[in-house]
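Please read it with the sequence and structure at hand.

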Amino acid sequence: MFQVRIHGRGGQGVVTGAEMLSVAAFLEGKHSQAFPSFGSERMGAPVVAFCRISDHEIRLREPVMEPDALIVQDPTLLHQVDLFSGLSKSGFILVNSGKSFAELGLESLLHTHPINRLATLPATEIALKHIGRPLPNAALLGGFSALSGEIGIDALLEAIGDKFRGKTGMDNKDAANAAFHLVQEKMRHAATA
Amino acid sequence: MLQQLEGSRAIAQGIALCKPEVVCAYPITPQTHIVEALAEMVRTGELANCEFINVESEFAALSVAIGASAAGARSYTATASQGLLYMCEAVYNAAGLGLPIVMTIGNRAIGAPINIWNDHSDSMAMRDAGWIQLYAETNQEALDLHIQAFKLAEALSCPVMVCVDGFILTHAYERIEIPDKRDVDAFLPPYDPVQVLDCNDPVSIGAMVGPEAFAEVKYLQHRKQLRALELIPEIASAFSARFKRDSGGLVKPYRLEDAETIVVALGSMNGTIKDVIDEMRNEGHAMGSLAIVSFRPFPLDEVRAALVDAKRIVILEKSLSVGLGGPLSDGVRKSLSGTGIKGHTVIAGLGGRAITRKSLMDLFVKAEKDELELLNFLDLDLDIVNGQLEREKETRRSGPVAENVLKSIGTVASRIA
Amino acid sequence: MSLQPIKFYQTGTFTVGNRLLDESQRTVQANMRRTNSLNSGHRACQGCGEALGARYAIDAAMQAAGNRLIAANATGCLEVFSTPYPETSWQIPWMHSLFGNAASVATGIAAALKVKGRQDVRVIAQGGDGGTTDIGFACLSGMFERNDDVLYICYDNEAYMNTGVQRSSATPPAARTATTPAAGAHPGNIFGTGKNVPLIAMAHRIPYVATASVANLHDLEAKVKKAMAIHGARYIHIHVPCPLGWGSHPSDTLKVARFAVESGLFPLFEAEHGEITASQPLRKKAPVEAYLKLQKRFAHLFGEKPDRDTIAMIQAIADRNIEKFGLDSPP
């Protein structure tokens, strides 16, 4: 079972991100379970959503305590919330930021985690460019696909298209695709560096 | 058709397949997504021939359903927590009148302190109201139980609550098989009321009954529930035959063969319990579990038959009978009368506290070593409790308990569970 | 409905419907073929104004609805005295659920009829003032604002009579009840309290609101028939004396009701979509004393040393009504 935890703030589409990820896994024929951290519905409040992906039926109902991957939608949470709680040493970390881990004050991660499991991604900028609104979730999922390989970009694009119809769907898919290629490029660069 | 859906959306689709004629709604977290989805289906015509009524309170929601049901319409509503308590009087009334209303409970704690998260305090508070209560373990089962609930309710002319863990199920996306419309139509015939407000055959419904017959009328309510003990398995097996999957029934045993320790629980926590049991079985522990689907009527015989060979029973409850223990334990212990089997009540998951594999594993190991009390509280933070008891000892005006406790533990935004 | 002979015991009052009128102008109650929807043999007290009001109203509604009528009833005297199981006085499909939910139950019945394509069957909800203006008020307001196709009839006897005469929000100032005793410096119910539900109903801008009195049968029936000709939420508030709770003589029920109207204390008016469209001018204006003196609940105002100040305050209420609702007879 592969477990993902998404951290963000109310209004950024954190829960929708987990939902789309679960739909993408479903489309790939896997079992998946997405659920939010069940807070009050307030804009700006810290929000956590979870997604489990497995080849078998998922019966577990506890929150994701030991994630295999973290997606951080809002970098302002980095030093406020215990984001990395339970993350395994081989876990993936994707942070929505144009800055590097060192610039974000997270150099220690570079020593504890394999370099090919870490990425930052300017997902909000990508969203603004393609969607016109600061909704980074689709872009982050695209980046997550490239970083982890846990979910295929085709299934992801289909899931995004299921959630957002028409032009919004196209724009979100464009954002996801752009992020996918950007992270893929980064990973290739990191591998050869 | 197999789909990846939010639980609430799946339940709403299941309800729509049952063709309710009157749906009344009042918003309360966490059931709201269900009635929102139904509102949309009525507006778009996907759910035709249905009146969707936005009412001013839960008391009105169930009262509208009572009127509609008495006038011969298949009626549905949903609520949770404070909403269920607010309609309490009508909950008893619907059962007393024998109206086959189906209501979803998105299980949630009851305040004070106000809390929007999941536990079973709400439906447990209505356990003696005369409604049948079915608890879903997964969203697939939640959907399936609603289809069975209408059939059961209408067969008995008795209202049915389908209890679905708030957020944990209602807000979770998972794969769900949406039944075929034709199958549901064949399984669930149109509502044929046993009593109806009809101008061609006027009756008075709901008149006063004095001591001369009140006990008999109440006993007949009890008889309906006894009859439900037979009907629930029948309906579940008819469902299984038509829809090719098992859902519902009275109880669901899991790995009971040679089990020395058996865990009994309601609702979604059975999933986590099964995972823990598998893990412990792999390590050689003789563990099993029994999920109770039908809490009212309580299947005393089936529970006894499932548990009778065990050494000890751990009853996990998301509800606290303050001053006594747990309501589920009352039934389980009654079913074990005279067996001498040890029963341990464990109150867990109150107000949305996560029930984790780790905590359960520790608990079950303790149970095997016979280290549990009669009444236990899972993951209770005694430092918090004792801190408040200290404050109360020190000063008469110690202030509001909830505020004190929160002050003492500081910010919780950094916690995952 | 079986045809039964009607005996005109009450000749000489307005209640029977004037037999001297042309047949077409006579009341439903004067008609030998009236449905007697609330049949004789029920357990109401002697002189019960509510029993009278309910029969008047429901018979008129039945005639208007072609005898296709369903009623939802709040808990209260009307419910208790009409259905001592296994007997029931109701000749129509009738349902009692709870004290505070008659309006909602009626909404549900109307919704069921609509979905089943039975718009020919009409729905009435009814209750006393407690079940309407107090405990049932939220459900009533909800039914109004949704404009559900229900006629709600409140039989107002100005206190909780079924439980032994306690104050409600319809109890008038100075009236003695079990919870506003005639004791202390300001005996009886407190001035400046209570609510006027017909005016609140109007604030919902529902199609039709009316007040009526058992003392004016023609007017009451006309209002019920008018209400039944309209679809959507409608409200009729009928003033019904309670000999037990008011301490009036059972044979004086209509007299008391008439004085309530003629004094201006209970103005008769109609409103459509929130605007008053008509009011019933006083036939023979009476001082409030004429009304108060007939009732023991106001006895503390009289006695050896009449409480002139309090009586004047009540007269001022009547005078304000006369002005506000234009009740003065046209010159």
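Two pairs of chains are in contact, and chains B and C share the most contacts of the two. The model is a predicted one. Between chain A and chain C there is no contact, and the closest C-alpha atoms of chain A and chain C are 27 Å apart.

**Chain C and chain B**

The contact brings together 34 residues of chain C and 37 residues of chain B. The size of an interface is often given as the accessible area lost when the parts come together. For chain C and chain B, this buried area is about 2800 Å², with carbon and sulfur atoms giving 63% of that area.

Three salt bridges cross the interface of chain C and chain B. R146(C) and E56(B) form a salt bridge in which the closest N and O atoms are 2.8 Å apart. Polar contacts between chain C and chain B involve 13 residue pairs, counted where both residues have pLDDT 80 or more. On the side of chain C that touches chain B, two or more residues come from each of these elements of chain C: β1 (69-73), α2 (77-82), β2 (94-96), α3 (102-115) and α5 (137-145). With nine residues, α3(C) supplies the largest share of this side. By class, the side of chain C that touches chain B has 18 nonpolar, 11 polar and five charged residues.

**Chain B and chain A**

Here 30 residues of chain B are in contact with 30 residues of chain A. About 2600 Å² is buried between chain B and chain A, and carbon and sulfur atoms give 56% of it.

Four salt bridges are counted between chain B and chain A. R61(A) is joined in a salt bridge to E174(B), where the closest N and O atoms lie 2.9 Å apart. There are also 15 residue pairs in polar contact between chain B and chain A, with both residues at pLDDT 80 or more. At least two residues each of the side of chain B that touches chain A come from β1 (2-6), β8 (173-177) and α10 (269-282) of chain B. The element that gives the most to this side is α10(B), with five residues. The side of chain B that touches chain A consists of 14 nonpolar, nine polar and seven charged residues.

**Cavities**

How many cavities of 30 Å³ or more does the model have? The count is three.

| Cavity | Volume |
|---|---|
| Largest cavity | about 80 Å³ |
| Second largest cavity | about 40 Å³ |

The largest cavity is lined by A215(C), N216(C), R258(C), V261(C), E262(C), Q280(C), P281(C), L282(C) and R283(C). This lining divides into four nonpolar, two polar and three charged residues.

Around the second largest cavity, the lining residues are L134(B), L145(B), Q148(B), A149(B), L152(B), I232(B) and I235(B). In chain B, α7 (139-156) and α9 (214-243) are the elements that give two or more residues to the lining of the second largest cavity. Which of the elements gives the most to this lining? That element is α7(B), with four residues. The lining of the second largest cavity has six nonpolar residues, one polar residue and no charged residues.

How values were computed
Residues are numbered from 1 along each chain as its sequence is written. Chains are lettered from A and ligands numbered from 1 in the order in which they are written. This is a predicted model: local features need pLDDT of at least 70, side-chain atom pairs count only at pLDDT 80 or more; totals for chains, interfaces and linings use all residues. Side-chain values use heavy atoms; hydrogens and water are left out. On a 1 Å grid over the protein atoms alone, a cavity is a set of points where a 1.4 Å probe fits but cannot get out, and a pocket is an open set with protein on both sides within 12 Å along at least five of seven lines; lining residues have an atom within 4 Å of a point. Grid points are joined across faces, edges and corners, and a volume is the space filled by probe spheres set on the points. Ala, Val, Leu, Ile, Met, Phe, Trp, Tyr, Cys and Pro count as nonpolar, Asp, Glu, Lys and Arg as charged, and the others, Gly among them, as polar. Contact means heavy atoms within 4.5 Å. Buried area is the accessible area (1.4 Å probe) that two parts lose on being put together, summed over both. A salt bridge is a side-chain nitrogen of Lys or Arg within 4 Å of a carboxyl oxygen of Asp or Glu. A polar contact is a pair of N or O atoms within 3.5 Å; within protein, one must be able to donate a hydrogen and the other to accept it, and residues adjacent in sequence count only if both atoms are side-chain atoms.
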